[in-house]
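Keep the 3D view open as you read.

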Amino acid sequence: MQIDIDGVILCGGQGKRMGGKEKGLLLLKGKPLFVYAAEKLAPRVKTLWISANRFLDEYAKYGWPVIKDCVEKLGPLGGIYSVLLQIQSPLLFVLPCDCPFFEVGWEKVILEKLLSSSASVAYISDGQKEQFLFALFKKSALSPLEEYLLSGQRQVEGFYRKVAALNVNWADASQRFFNINTLEAFEEANKMFDWMDKKLSECKNKL
Ligand SMILES: Nc1nc2c(ncn2[C@@H]2O[C@H](COP(=O)(O)OP(=O)(O)OP(=O)(O)O)[C@@H](O)[C@H]2O)c(=O)[nH]1
């Protein structure tokens, strides 16, 4: 049985730790940060959505449909809620915009686990840390999510506790979940890409 699954790249937020810059649009080796995650998730979902609150026209240039939070300043859950509200698919993959090194693979594991469980949300633990925004939501999470947000709560972790979200362990993958939250981390990511380019050209020269 084929189940429709949509995906969302979360690009809202204040980016305070990045000095207020629009994180998703920061250029990493000439490509906006959010595009790294979007390009990897898009082939695996029916429709990929971009959840953003500022620079909507800029995001739209990349061809994926953009959804603005129906209520702003609710944090990542506000973005997820706004997308769940609009989609027809019964499942939604969630990714942050700041994970250029994430590799596919985890999404198959999390899908299998969530479908064989009665939980409405599943998220990844990478062996070191819980990665709350590498997640899969069933559309049935919409109603408890609405209730949670209406009660004035915003915290992702608190919501996951409330709905007894499934924690899926995907160990030995911490590098793939490296998040860019500060300008220093952004510089580090640039250096990692330079290093990878150098190694690649060394390999090519040996051929
Ligand atoms: N749609 C939407 N996405 C959000 C919102 N807040 C954060 N995000 C996204 O959720 C992910 C994690 O956000 P954080 O990095 O923790 O928060 P941030 O607001 O971007 O950054 P800080 O202000 O430095 O905490 C990122 O991909 C953000 O773009 C929001 O209000 N709406």
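Predicted model: local features only at pLDDT ≥ 70, side-chain atom pairs only at ≥ 80, totals over all residues.

Now zoom in on Cys-11, which sits in the loop between strand S1 (5–10) and strand S2 (27–28). Is Cys-11 buried or exposed? Its relative accessible area is 2%, under the 20% cut-off, so Cys-11 counts as buried. Leaving out residues up to four places away in sequence, Cys-11 touches Glu-22, Phe-34, Ile-50, Ser-51, Ala-52, Tyr-59 and Cys-97.

Gly-12 is in the loop between S1 and S2 too, but with a relative accessible area of 39% Gly-12 is partly exposed. With residues up to four places away in sequence again left out, Gly-12 touches Ser-51, Ala-52 and Asn-53.

On to the ligand. It has 19 residues around it, and the closest are Leu-10, Gly-12, Lys-16, Ser-51 and Asp-69. Look for polar atoms next. A backbone N or O atom of Gly-15 is 3.2 Å from a ligand oxygen, and a polar backbone atom of Arg-17 lies 2.8 Å from an oxygen atom of the ligand. Lys-23 uses its side chain instead, with an N or O atom 2.8 Å from a ligand oxygen. As for cover, the ligand on its own has 620 Å² of accessible area, and the protein covers 85% of that.

Methods: Residues numbered from 1 in each chain as written. Heavy atoms only, no water. Helix = DSSP H or I, 4+ residues; strand = E, 2+ residues; numbered from the N terminus. Buried < 20%, exposed > 50% of the residue type's maximum accessible area, 1.4 Å probe, protein only. Contact = heavy atoms within 4.5 Å. Near = heavy atom within 4 Å. Polar contact = N/O pair within 3.5 Å; in protein donor to acceptor, adjacent residues only side chain to side chain. Areas by Shrake-Rupley, 256 points an atom, 1.4 Å probe, with all protein chains shown as cover.
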